[in-house]
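Work through the exercises below with the sequence and the model side by side. Try each task before reading its solution.

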Amino acid sequence: MRDYEKYIRYRTFPTPWCPGCGDGVILKSIAMAFAELNLDPDDIVVVAGIGCSGRMPTYFNTNTLHTTHGRALTFATGIKLAKPEKLVVVISGDGDATAIGGNHLIHAARRNIGIKMILINNGIYGMTGGQVSPLTPPTFFTETTPYGNIEPHFNVRKLLTAAEASFVARETVNRLMQLKQVIKRSFQHKGFSVVEVMSNCHVNLGRRNKMKSPLVMTKYIRDITMNMAEFEKLSPAEQAPKYPLGIFVENNERLEYTDLYYNHIVPVAQGSGAKGEK
Amino acid sequence: MSARKVLQGNVIIAKAALAAGCDFFAGYPITPSSEIAQYMSKEMPKLERTFIQMEDEIASLGACIGASLAGRKTMTATSGPGFSLMQEHIGMAVMAEVPVVIVNVMRGGPSTGMPTKPAQSDMMQARWGTHGDHPIIALYPAFAEEMFSETVRAFNLAEKYWNPVILLSDEVLGKAHMDVEIPEPGSYEVYWEQPRQIIDLNIYDRNIGENPPRVDFFHGYPIHIDGLEHDAHGWPSFDARTVDKMQKLRMQKIYQNLDDIIRYKEYFLDDAEVLVFSFGISARSALAAVKAAREQGVKAGLFQALTVWPFPRAALQERFKKTRKVLTVEMNMGQMKYEVERIAPPGVEKQNLLRANGMPFSPDEVLNAIKEMVR
């Protein structure tokens, strides 16, 4: 048994994911990050919402919570506030995190509560059969954009940077070792972190856009992504359809929310801490 | 020594929650419930307990459920529109069997309705608001001391039966300042089961009718909690026989313990000719009315439901053996009256006093309705 396997709950297999789905890579990379940090499985809780990503916690041999659509961050906020010393990981898909759960995403970032979010971006609602999501690229065909998508997609990097998230990164399922590294680094970060993972849904997005095999779709992901240094050399027009990779924000200056609450608010309320400025 | 004070109804609920050991509150501002959140924001950190104002009511209840799974005693407070938003997570708490207390200080609806006017229009929403078949407990105090005792009881029932408990109130009870006797700690029961050390995954494994044991994250063995229908291990399962059993487990933990859960008060009912059925703010007017009726020689009595869900069916049925006239008084267009009608045997005369215009009933209005029935 390899060291990361103790974080996998094999007895709940098989997963509901289609053959070739990027979710398996993400599952493995998260487990590898747990292993490298040598965490006690009972000191971890993995929370998810609804969708293909929502089913992922079931397969971790840690504490796991499968919640409602888009609201995983709210449950995670309660857990983190109750037990700040635990590692609270949220796994969310693009529909889950940026559509129905968009409000919770920006507020978790604003609060800088120490939750570690893995945002799986496959650009589609996969579980429900392939409807357009806020991260579906323009012009793409989906079950609910049969004539092409006319909506622009969110830029998660810019959205979270604007919301003052203290750790923002992007990786792809094509690069397991880099993905594991970035996830591990986000787990070591004190405040709120988001790792956006570009993943392939060849079945419900690729199939309708001339990319029906996992190989073609992961190649497409490789072609639209590049390192930040390379990305910055491009003109704005060239940048538009591309996705830079790497860690974009890593701010250790901002205090973490539970730290502020228990080490600042509680002493002030109890009359023993520093008084706030008038 | 118990303390006699003049306190706002919302503050009585907040104080009682602290007395019951509530150590996590997440909420979102909404009239007429905001004083509960405000009081909690001030008092919780003093006790090293947790308060957070979330981004909406959905998030508030989500945070409470999360904290509850991590071992806290949790509460949120809201009113109509916020209660509507919370419905999905009430179902989540039922499905995952998570204790949480949800206060709904009822105001005029539907929609934004009348934020500063009272109503009792969410009675059925409290029962059936979330989708799917589910058990629910809802309590509704009417008088000052009950606002304290029923709040403590809401926590006890949530902890004991591992289910969300809805604590109903209304704009009048929430906003009014009242003379109240705050009981001494130790003079009332505070139920708390120490979380058990978990050694296996079969956290939902129990016999039908048994109370679930307290299960928390981080107690020795990693567990799975799911909003999907699940088996005894918490794994998603749609197997018909498993689903049957899990639904019965959830329903029967409540419906086989009605004696413990149901509480009501009876005033002057032994020889009553007219039974007034009421709760919350309307019960206050109804009690004044039955007292006035007695003074005028009219044999009226009051059945005041404190537990509104599950409905106090057996106790009311018992009364209908002798009392053949019932008057339901509620501040809505007719909700709990259907429950009364459902169980009243043929031959019992049923009248209602209903109104949802923001004006509570005066004792005189109830008295007149009683007199109409004995004329």
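**Exercise 1. Which residue of β10(B) does A:L65 stand opposite?**

Step 1. Across from A:L65 is B:I225 in β10(B). Strands here are DSSP runs of E, at least two residues, and helices are runs of H or I, at least four residues, both numbered from the N terminus.

Step 2. Check the strands. β2(A) and β10 (residues 224–226) of chain B run parallel, joined by three bridges. Two strands pair if DSSP finds at least two bridges between them.

Step 3. Note the source. The model is predicted: local features need pLDDT of at least 70, side-chain atom pairs count only at pLDDT 80 or more, and totals for chains, interfaces and linings use all residues. Residues are numbered from 1 along each chain as its sequence is written, while chains are lettered from A and ligands numbered from 1 in the order in which they are written.

**Exercise 2. What is the strand order of the open sheet of nine strands?**

Step 1. Read the order: β7(A)-β8(A)-β5(A)-β6(A)-β4(A)-β3(A)-β1(A)-β2(A)-β10(B), with mixed pairing.

Step 2. Find the edges. β7 (225–227) of chain A and β10 of chain B each pair on one side only.

Step 3. From one strand to the next it averages 20°.

Step 4. Inspect one pair inside chain A. β5 (residues 167–172) and β6 (residues 193–198) of chain A are parallel over six bridges. A:R170 has A:E196 as its bridge partner in β6(A).

**Exercise 3. Which element gives the most to the side of chain A that touches chain B?**

Step 1. Count the contact: 32 residues come from chain A and 38 residues from chain B. Two residues are in contact if their C-beta atoms, placed from the backbone, lie within 7 Å.

Step 2. List the elements of chain A that give two or more residues: β2 (63–66), α2 (72–82), α4 (102–111) and α10 (257–269).

Step 3. Pick the top contributor. α2(A) gives the most, with eight residues.

**Exercise 4. At roughly what angle do the axes of α10 and α13 of chain B cross?**

Step 1. The axes of α10 (residues 280–295) and α13 (residues 363–374) of chain B cross at roughly 55° and come within 8 Å. Axes are lines fitted to C-alpha atoms, for helices over the stretch in contact; angles run from 0 to 180 degrees between N-to-C directions.

Step 2. Classify. α10(B) is therefore oblique to α13(B). Oblique is what remains after under 35 degrees (roughly parallel), over 145 (roughly antiparallel) and 65 to 115 (roughly perpendicular).
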